Amino acid sequence: MNLQATGTSILEWSGEGLAIGMFEDATALTGDLETLDGKLSGAIKDLIADADFKGKPATSASTRIAGSPIRKLMLVGLGKSDQMTLEGLRRAGAAAAKLAKRERCKMVGISLPIFNNDAAASAQAIAEGAELALYEDRRFKSEPDDTPPVEQIELLGLAGQDAAIEKAHKICSGVFLARELVAAPANYLTPVTMAETASAIASEFGLQAEILEKEDCEKLGMGAFLGVAQASDLPPKFIHLIYRPDGAARKKVAIIGKGLTFDSGGLNIKGAGSGIEMMKTDMGGAGATLGAAKAIAQLKPDVEVHFIVAATENMISGRAIHPGDILTASNGKTIEINNTDAEGRLTLADALVYAEKLEVDAIVDLATLTGACVVALGDSIAGLWSPSDDVANQLVSASEQAGEKIWRMPMEEKYFESMKSGIADMKNTGARAGGAISAAIFLKQFVKETPWAHLDVAGPVWADKENGYNGAGATGYGVRTLVNWVTS
Ligand code: BES
Ligand code: MN
Ligand code: ZN
């Protein structure tokens with residue numbers, strides 16, 4: 001699909017389908033729209049009346065226009081004009097693109113307003129919405145899609161915004177990689193194939209790649225990560241990609257993603273009704289991390305970024321960790337495993353210690369860490385924990401810009417008490433109540449002084465239903481927030 005900006009006005013534009021955004025309080029036609037309506041013999045007014053179209057957000061209407069070069073006229077609701085947001089524009093771009101596809105338009109024009117006089121941000125948001133909405137993952141289908149694809153989209157009234165559209169395209173390529181990684185089941189995406197994918201994006205986009213093998217991890221004393229990995233027939237892979245800017249780096253950061261390609265729970269196996277069949281998504285943090293790497297390598301900001309994934313599966317076998325085992329992490333801390341299903345934090349413990357040794361200015365980890373976070377915030381909001389108000393605020397504003405929801409949660413140190421162990425330095429799980437908080441407090445034991453934030457993304461990496469620019473399935477959550485955080 002080719003997406004570009006055009007200076008052609010809605011009066012002159014011709015193509016198969018024209019999508020026009022309309023505010024809730026402005027369905028009475030004025031200006032160019034009124035003129036266009038005249039040219040089309042009142043087709044817009046008729047459509048508004050026939051469909052009882054009121055411009056409400058997430059509503060649309062379309063009609064066929066006889067005897068006009070524009071075959072389909074589509075209206076997209078924008079809600080109230082004084083409540084317009086960038087995310088509203090992103091969703092409007094998505095609605096227009098999806099409608100065009102449904103109406104089998106190959107060549108589409110989209111006319112939407114500019115938010116806050118910011119044509120670049122508006123063009124980027126509309127382009128993101130359209131691209132993200134048209135994405136379809138057919139890798140595991142044997143038959144092709146029978147609906148013809150949208151081939152070309154022109155954004156009307158946004159001439160000169162090609163750089164913003166190009167930026168959106170690079171970011172979306174990262175989101176698609178994250179979606180593909182998360183959607184791929186554990187018999188396709190393994191620690192080995194994830195490392196291969198990481199190496200492939202590194203060589204394609206000029207990143208440095210270091211893949212640490214099990215023996216390398218042993219030398220570094222990563223007993224927590226390797227304990228989780230030890231039951232699998234597949235070798236663990238510790239993935240480290242590095243983006244270095246051409247000139248001087250303004251800051252140096254690390255992004256860590258939980259990379260469990262499958263989480264059976266281990267000997268504390270996940271039972272029926274636990275959602276075990278969804279545990280291919282337990283590398284959602286890794287997906288976002290590698291997706292961000294792909295986008296950032298193309299965007300080339302003046303920031304040095306380290307992308308880290310301790311990839312493995314959590315399996316059962318004669319070699320599995322026994323509940324009660326004591327593991328030693330790479331910072332020397334000992335952990336009594338009272339639940340083998342709390343494995344993500346063990347892999348992250350060694351990844352955090354590794355990241356801190358890189359002497360970065362800040363570390364952010366993303367992890368599908370707890371069901372408790374989904375209970376607390378539902379499936380569309382990630383939990384954010386950070387001892388640093390600075391990093392927390394940066395992430396909140398990066399996520400707002402991206403249209404990815406996060407909510408800051410308390411770092412309640414007192415909850416560490418339930419993780420105290422009589423025999424080791426700590427247990428890996430504490431009380432059931434506040435389980436997402438104690439997981440964050442556990443991670444904190446492995447960060448000494450680097451400003452750090454943890455995002456529990458167990459809810460938003462997957463969507464059961466289509467919504468806006470996300471189809472049902474993997475959302476690619478986190479990539480856009482990470483890109484904004486790094487580039488801001
Ligand atoms: N991967 C899961 C968390 C998860 C649950 C992600 C549901 C997505 C959807 C994690 O490894 C896990 O099993 N966590 C346990 C922790 C518990 C044993 C303290 C959980 O949330 O039940
Ligand atoms: Mn688990
Ligand atoms: Zn897990």
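These are some notes on the predicted model above, point by point.

1. **Ground rules.** Residues count from 1 along each chain as its sequence is written, while chains are lettered from A and ligands numbered from 1 in the order in which they are written. As this is a predicted model, local features need pLDDT of at least 70, side-chain atom pairs count only at pLDDT 80 or more, and totals for chains, interfaces and linings use all residues; side-chain values use heavy atoms, with hydrogens and water left out.

2. **Overall layout.** The chain splits into domain 1 (2–157) and domain 2 (170–487), with bounds that come from an automatic or database domain assignment. Their C-alpha centres are 37 Å apart. Where the two meet, 16 residues of domain 1 are in contact with 18 residues of domain 2 (contact means heavy atoms within 4.5 Å).

3. **The zinc site.** Start with the zinc ion (ligand 3), which is held by Lys258 (NZ), Asp263 (OD), Asp282 (OD) and Glu343 (OE) at 2.0 to 2.4 Å. Donors here are N, O and S atoms within 2.8 Å of the metal (3.2 Å for Na, K and Ca); water is not among the atoms, so sites may look incomplete. The zinc ion (ligand 3) has six donor atoms with angles of 78 to 173° among them, and its site is octahedral. The labels work like this: four donors are tetrahedral if all angles lie between 85 and 135 degrees; four are square planar and six octahedral if opposite donors are over 155 degrees apart and all others between 65 and 115; anything else is irregular. For reference, ideal angles are 90 or 180 degrees for six octahedral donors.

4. **What the zinc ties together.** Along the chain, the donors of the zinc ion (ligand 3) are spaced K-x4-D-x18-D-x60-E. Asp263 sits in strand S9 (residues 251–263) and Asp282 in the loop between S9 and helix H9 (284–299), so this pair links parts that are 19 residues apart in sequence. Helices (H or I, at least four residues) and strands (E, at least two) are DSSP runs, numbered from the N terminus. Both Asp263 and Asp282 are buried; buried means under 20% relative accessible area, exposed over 50%, and partly exposed in between (1.4 Å probe, protein chains only).

5. How far apart are the manganese ion (ligand 2) and the zinc ion (ligand 3), and which residue bridges them? They lie 3.2 Å apart, with Asp263 as the bridge. The protein donors of the manganese ion (ligand 2) are Asp263 (OD), Asp341 (O), Asp341 (OD) and Glu343 (OE), at 2.1 to 2.2 Å. Its donor residues follow the spacing D-x77-D-x1-E. With angles of 71 to 167° among six donor atoms, the site of the manganese ion (ligand 2) is irregular. Asp341 is partly exposed at 23% relative accessibility, whereas Glu343 is buried at 1%.

6. **Nonpolar cores.** The largest nonpolar core has 63 residues, and Met194, Leu241, Val305, Phe307, Val364 and Trp485 have the most contacts inside it. (A core is a set of buried Ala, Val, Leu, Ile, Met, Phe, Trp, Tyr and Cys residues joined through side-chain atoms within 4.5 Å.) Helix H5 (residues 162–183) is the top contributor to this core, with nine residues. Domain 1 and domain 2 each supply at least three residues to this core. Phe307 has several partners beyond four places in sequence, including Ile239, Leu241, Ile255 and Ile296. A second, separate core of 49 residues includes Phe225, Ala310, Tyr354 and Cys373.

7. **Thr370.** This one is in the loop between strand S13 (362–367) and helix H11 (371–377). Is Thr370 buried or exposed? Thr370 is buried, at 8% relative accessible area. Its side chain makes a polar contact with the side chain of Asp456 at 2.8 Å. By polar contact I mean a pair of N or O atoms within 3.5 Å; within protein, one must be able to donate a hydrogen and the other to accept it, and residues adjacent in sequence count only if both atoms are side-chain atoms.

8. **Glu87.** Look for Glu87 in helix H3 (residues 86–102). Glu87 is buried, at 16% relative accessible area. Its side chain makes polar contacts with the side chains of Arg90 at 2.6 Å and Tyr469 at 2.8 Å.
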